[in-house]
Amino acid sequence: MKYINNKIVCGALSMLALLGTTSCGDEFLKEDAGHKVTDALLEDEAGALKMAAGLYGNIRWHFGYEWAYGITLYGCDEFTNGADLTSEPWNTYDNRLNPLDCTPALGAANKNCPAVSALWDEMYYGIATANLVIAKAVNVTNEDARNKALGEAYFLRGYNYYRLFAQYGGVVIQTEPSNGEIKKDYTRASEDETLSQVISDLENAYKMLPKNKWRGNGTWTKYTAAHFLAKALLYRQSERCASWASKYDKSADLNRVISLCDEVITACPLAADYWDLYAKWTGVDCPNEGLSEILMAAEHNEDKSTQGRFGNRTYNYFDPQFSNFSGGWVQRGQYIGGMDFQRCRPTEYTYSVFDNVNDARMWKTFKTVYGLNNAAKADADVIAENGITEDQLPNIGDEGIIFILNKKSDHRFDGEPYGTFGRGGVAHSFVNPLTGKWVPNAFPTFMNGEYVLFNYGVSGNTATSNVFCGINKTADGSRTGEKGDAHRDVIMARTGETYLVKAEAQVRLGDYQGAINTVNVIRARGQWKDGENRSYYTDGSMAFLKAEGGMSDNSTATATSVKKNKDKAGKVLNNTEAYYASMTHKNTYYLSTGIEETTAASDLQIKSYSQLPEEDEAVLSAIGATSDYDRMLNFIFNERTRELLGEWNRWDELARTGLLVKRAKAFNPEAAPNVQDRHMYRPIPQKFIDTLQNPDGTNLSDADKKAWQNPGY
Amino acid sequence: MKELKMTHLKSRCCGWRRLLFFALFAVCSTVAMAQGKVTGKVVDANGEPVIGASVVVKGTSTGTVTDFDGNYTIQNVPQNASIVLSYVGYRTQTIQVGGKSTINVTLEEDRQLLDEVVVVGYGVQRKSDVTGALTRVGEKELNTKPVSNAFEALQGKAAGVDITTSERPGTVGNIMIRGQRSLGGGIGASTAPLYVVDGVPLQAGGIETLNPRDIEAIDILKDASSTAIFGSRGANGVVLITTKHGQEGKTQLSYSGSMTFEKIVDKSPAMNASDYITWRRWAYYNSAPDKYTPGDQPTMEQDKAFFAGDETALANVMKGWSGGSWDGSKVTDTDWTDFVTQTGVTQEHNVSVRGGSKNLAGYVSFGYLKNKGTQKGQDYERYNINASADVQATKWFKAGGSINASYGVQQYGYSVPYGTSTGAKELYSAAKSILRYTLPYDEKGEIITQPGGSTTNTYSIIDEWTKSTDQRQNFRALGSFYAQIDFGNIWEPLQGLQWKTQFGPDFRFYRRGNFLDSSSISRAGGNNSASRSEERRFAWTLDNMLLYNKSFGEHTVGLTLLQSASKTNTENSSMSEVGVTIPSFLWNNMGAIDITDSQYQASMGTGLSESALSSYMARINYSFRDRYLLTASARWDGSSVLAEGNKWDFFPSMALGWRMEQEEFMKNVTWLDQLKLRFGVGVTGNSAVSPYGTLGVISSYWMPFSTGNSEIFVTNEPYYTSGSNSMPNKNLGWEKTTQWNIGIDFSFLKGRIGGTIDMYKSNTKDLLMLMSVPSLSGYPSMMSNVGKTKNKGIEVTLNVIPIMTHDFMWNSSLNFAWQKDEIVELSNGKEDDINNALFIGESISVFYGYEANGLWQESDAAEMAKFNENGASFTAGSVRPVDQNGDYKIDADDRVILGNCNPRLTAGWSNAFSWKGIELNLELQGRFKYMISTGGEGQLGMYQQREIDYWRPDNTGADWQKPVYSQAGGDPYAGLLGFKDASFIKVRNLSLGYNFDKNLLSKLGIGLSSAKIYVQGKNLGMLYSSVDFMDLDTGATFFNRGFTVGLQVDF
């Protein structure tokens, strides 16, 4: 018995001892990351190529959130803030725009205010990926594939350094992967060195990228690189680089700009009609997203797998807050392509700089009419409160909101002869003389020779008006919920801009007439065509329905919304009915201009640089541009507004030419009190400076830290 | 391989148990022959019968236990035999039968044995021998009130253990022991303590799934000399839970049950319609004073514009003008919360059976909880089963185990505000945010979906509880199995040597199903959506221990050797889609759509996470003359989540104790029962960081090209995910804390006054911290061993019995703890880390920002002008931040540390009054000297507002700034007024119970041995609170208040 017991005990002991040895070996504590994506995968060809494709993921970031407009459109001459103050410091340049990320604790309206470190970090993430691709490209054996990957990596690195350079000036240049080594001592490159890095990367990309869009729409080609190389060289000869760029031959740079632009212009011709680019967006991956004019675009589609955190959020930023001010007459929903987050409110300058009669681009860009999609008030009350007659009552599908884009010199509305203007909640009597119907929300831009549009906002404060006429470049009818994300591509570069880059290079070379000739090409496209219906309007909302030209019916087309839209009988509209009610396909062209109906072609051609259009002359005199060079440079920027309004680079361009302060002071009343020269550079993020150390591991002194910062911050 | 072995072991264990049961029954029924019958009565020193005492014929298995009156009868006792009488807590007596047929015995209490036994790591100790700082909360204290989890039972009971409250059924508050040392909060190692249930460290969740009625005791190890035994996991304290097991003695059947009725109480109700209307008018006025009239001078025309957008609501506002001049009382006031609240009813039932003989003891319990929430749509149901058995198979082999299983189904209720991460997370808040001047139905009786119009982005909550389904199921099974061999019972010279193997599996399965109907406000006109996600966790720990305990004269030695391995494995999966064709499918038929069609937005994901820990430990306990005590331990831990080469580390500890009352010179101090000095020091570790952090993980996503989607690799791409990959740290090692503790335990006047005082000081180095690195590396941060913190504190526990008469007794227990933590160094040495609000020389969690100095007033015009010249836009009635450096610019240089987030002082005070059968319990708990951020009042004039005292020209002394009508923005410094100093004393429990007279019960003849009924108030309120509009305990402005009636009976 005892023997057996001993046997059992010994057996148990040795078994446990065995357990012990196996479980505590190194193997037991080894982590197996076989199911994870690790950097080990970059060591083979497939992995390296996937990382090259990953570079494209980096540029989608720009349109995912508030920084899309905050760092590119705010604080300039074209847009100011609406009633939403999420990104206000970027528009007003007040104290909150400083090296620290602006959070609610530091006075931000909410946590969505773009951080000063956001672009900085994001650009370096892209650069780090590019550095890895360049380092790992040796693993790609196929030469063609390797060159494509390298070309893309050089392009993105060049592009990201360009964006860093434009915002911050000289930055840290990192061209090697970190390889797991933590580095904390960096030196800041000069502006010259930084821009040289941009140019050298883009030169490499220009050499290595193919000419065709082999990945499909969005592929970076030789011409994408050429366009940005031209912009980088133009930058070197622009005002912000004046203090150091004299060592580079001006005419060599600028002539190179012109030849690169010509190469792009030839290979990537303009779209036939201006609204093919934006207004005629008919659905996810629609044919217009493949236009030859599009040189670079952040790609989106409706697949859940590609959506990311933000999707494309740009549809939020340009509409006025119609759901708020309209008195319930115009409800929002996915059947209207834009959400009314009212971030970007055009300034008086923006409305004024267009020739509203002859420039079709204005009417293909601004959304001047929202259809009445909800019977908000009983007829009897409408008649009683607004003093109108029964036959003037509007119905579903009539005009719910109109903006009259008239001129300062237009006196037709002085004294409000067609009834008083106003928004939905305020009694007013405006009856559209062209339709004979009372319009629940009707706003002129100018009255009595004064800019009045900003007077109608709900808060009553003209600095935060939520009533304005917005632009349609981001409207998207493929969204499947009121706040559903958008799926359209965002154009980041197109040949239309290439013309303006070329024209500016010509201005800088003193070839003013050449510049006018170049600009005349895009102005020609901006003219009304013979036989064109000038009062027809459409925008990307049309993707909502196949019958409207959309690629397919929206999956929520037959759904009933949350009962916000009702007709006069109290019947709830489904989304299709709400779409038809909202989309009138009409603009206010004739009401705004007062001209007789016509289908003749219009003429926007400029004969001579000494005879600029009156809209331009008004701007030039407002900012006191008198020399030919100043006049022509500012003219180019006026034309940029007309051609490229809201296309995500206004701040970079104004800072480049030193026009930022002057034009913001003149045209952006919210920016005017604070903007000054130091604002031509953004503050270096404190968050970055705080991570730095000296080579010996000691901390930077306060003086060292100050030296990292841009002047004035 | 490992797991296979474990399950095998488990099944074998169950097999053993079944076999032993049968064997025992067989033995019991066959033993019967020989001589006389012995009867008798067993009483204690007071003459009270001792129930369940064991009476055994020495050297045989013949025996019995005493009945309810202390009587026993044994058949067939040989004339020359001896009988052995024993009972827990009494000295065992052996009596010669010597032919007697009646043997009455008076058992004497054994002082030595009565000394409470406490659980320490890997074993138990007599409390008088303990050298570390620990607190025990026993069954009696745990059961003074019905609680839904063990945390609630612990609140306020143990000095230095700070527990916050969570009100949502099925969730628990936070626990922190002796303050904060690690950074926690996503930027460093976790601050959570280690939970050990019946010797098994938990790795698949906490103790929230345990049925609190199954808990025998909770021991909390606080100082490092006692937690170092758990090495790498002991840094934040250890909570040891002992569940109920069977014990030798009378079989006991118990039932306890309670019903709780609750309603929501709101400490800061929304403004009523009339007040709100006035407030919004002020907001408009303040936005454009040149355009609008002041809020107290309304005009009907203005009101039509101010309240436009919803005709029904506007008509309601206009009712206020019906008499020609404004009369706000005529406006119908809709309290939207009325639609979503209900009386919450919770019922809880527990049945348990506990008993055992000398060789076999068992415990089985079943618990059921059903909680209908106070908000519509919230519901929780839980089943608990606990079974344990301990078997003494031979005199040298013992085995046993327990399984704790729980299954809960939670109807979470409304949880997903559409398209925003900032909206209300529960129905009550959603209802509270709807404008009160609006009406739920229009004149045709239809629901108005956006009350107030589309201005505020708030939607009606009517019927919402039927349109949004969020169901969460949770299954947890926690096991603890052991086998032990007592070598001394095999071979005498090995007396005191034991082997013990313990295995603890921990399994959890969680499933969440969510369906939002297209008519739900949270879909706002989109398609319906369905999602289903699961998480399965399995963890196990295997401990092999060799134990040796022996006394040599005046020396007593205990030795413990341990080898341990543990592993966790977590798998998760999720899927989602929109546009479910038939809504009744919910999430249960997700394949019914065409998953390749992008309109359905189908997505899926799976994940796996594994980690392992391997350890060796040795401990020695030594005592000399029962008065000089020494404990020393050493533990080596290896963790898989740390970098190769840094996985292993060493954690030693040492503690000394001196039982002064045992000294000769103290013997004649009669009023002194106990006086013990303790000193301990130890090193503990923390490696609570995520797995794979050292391996160079990058991310893969999809990129849409018009030719199709391409898989892409990137190091970090914030566009795709908010969680960034950290730079792999190939040198990541342990965070280590060294702690010193000095303590004193005392007891005077025969236990009338007793208590403990502990003082401690700890230093933490190699702090695990997500260190910011320059983004040039491609990464925002890297988990690193940087920085140091220190922490000190004092804890006092006092137990007194101020009154003790024959019928009346007052037991009072007071504890309080003061602690202060401090950052010594950070990633850049003695440099503040402002981004993470970490400051050298300050507490770890602080609020940092601008200080508010009330509001600007008209009289400050000159001062305001100086600021406004520098770009500010201050006006009278707006918040006045403090310009610390006096440069008339409010910028980053003006930020200061406002206060610390963790309380400096926590306290609890329990009182039990008993008079005859009546018991009154009063428990108070307090947290003092900390700061909270209530967020301030945005006052944008457009959203519903809680009732507040706001600034007006005729009310300049207001608490809050003036409202300004604005979409987003308002007063940029509004949040500063939200920082509040916090301190409170809460009535945690007030209950009244009645214990029925035992004699009366026995006369009933149904075997009832005790019965108690009680009634208890729940969340009765605060005795003191520094913030009046918030329950500082729950951190919410509203909470549930109610009462419970309950019954406890034992058979």
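In chain B, 68% of the contacts with a separation of 6 or more are made by residues 24 or more positions apart. The model is a predicted one, and the description here starts with this chain before moving on to its partner. As for secondary structure, chain B is built from 11 helices and 47 strands. Its radius of gyration comes out at 33 Å, which agrees with the value near 31 Å that a compact globule of 1051 residues would have. Laid along the principal axes, the C-alpha atoms of chain B take up a box of roughly 110 × 70 × 65 Å. Of the 1051 residues in chain B, 55% are buried.

Next comes the interface. Here 124 residues of chain B touch 134 residues of chain A, and the area buried between the two chains is about 10600 Å². Carbon and sulfur atoms give 55% of that area. On the chain B side, B:Phe713, B:Tyr719 and B:Leu776 supply 9% of what the chain buries against chain A, more than any other three residues. Polar links are there as well: 33 residue pairs are in polar contact across the interface, both partners being at pLDDT 80 or more. Strand β26 of chain B (residues 603-624) brings 7 residues to the side that touches chain A, the largest share. Sorted by type, the residues on this side of chain B split into 55 nonpolar, 51 polar and 18 charged.

Charged pairs also span the two chains. Side chains of opposite charge can pair when their charged atoms come close. Between chain B and chain A, the rule picks out 4 salt bridges. A:Lys566 and B:Asp442 meet in a salt bridge through their side chains, with an N to O distance of 3.3 Å.

Over all chains, the search of the whole structure turns up 98 salt bridges. A:Asp77 pairs with A:Arg663, with 2.7 Å between the closest N and O atoms. This pair links distant parts of the chain, 586 residues apart: A:Asp77 sits in the loop between α3 (67-70) and β1 (79-81) of chain A, while A:Arg663 belongs to helix α22 (residues 660-667). Both A:Asp77 and A:Arg663 are buried. Another salt bridge, between A:Asp94 and A:Arg96, has its closest N and O atoms 2.8 Å apart, and again both residues are buried.

Over in chain B, B:Glu571 forms a salt bridge with B:Arg536 at 3.4 Å between the closest N and O atoms. B:Glu571 lies in strand β25 (residues 555-578) and B:Arg536 in strand β24 (residues 529-552), so the pair ties together parts of chain B that are 35 residues apart in sequence. With a relative accessible area of 39%, B:Glu571 is partly exposed. Back in chain A, salt bridges that share partners join a set of residues into one network, among them A:Glu293, A:Asp359, A:Arg361, A:Lys473 and A:Glu647.

A:Gln342 is in the loop between α11 (322-325) and β3 (344-346) of chain A, and it counts as buried because its relative accessibility is 1%, under the 20% cut-off. Its side chain makes a polar contact of 3.3 Å with that of A:Gln321. Leaving aside neighbours within four places in sequence, A:Gln342 is in contact with residues including A:Gly82, A:Asp84, A:Tyr317, A:Phe468 and, from chain B, B:Gln967.

Notes. Residues are numbered from 1 along each chain as its sequence is written. Chains are lettered from A and ligands numbered from 1 in the order in which they are written. Side-chain values use heavy atoms; hydrogens and water are left out. Contact means heavy atoms within 4.5 Å. Buried area is the accessible area (1.4 Å probe) that two parts lose on being put together, summed over both. A polar contact is a pair of N or O atoms within 3.5 Å; within protein, one must be able to donate a hydrogen and the other to accept it, and residues adjacent in sequence count only if both atoms are side-chain atoms. Helices (H or I, at least four residues) and strands (E, at least two) are DSSP runs, numbered from the N terminus. Ala, Val, Leu, Ile, Met, Phe, Trp, Tyr, Cys and Pro count as nonpolar, Asp, Glu, Lys and Arg as charged, and the others, Gly among them, as polar. Buried means under 20% relative accessible area, exposed over 50%, partly exposed in between (1.4 Å probe, protein chains only). The radius of gyration is taken over C-alpha atoms; the globule rule is 2.2 Å times the number of residues to the power 0.38.
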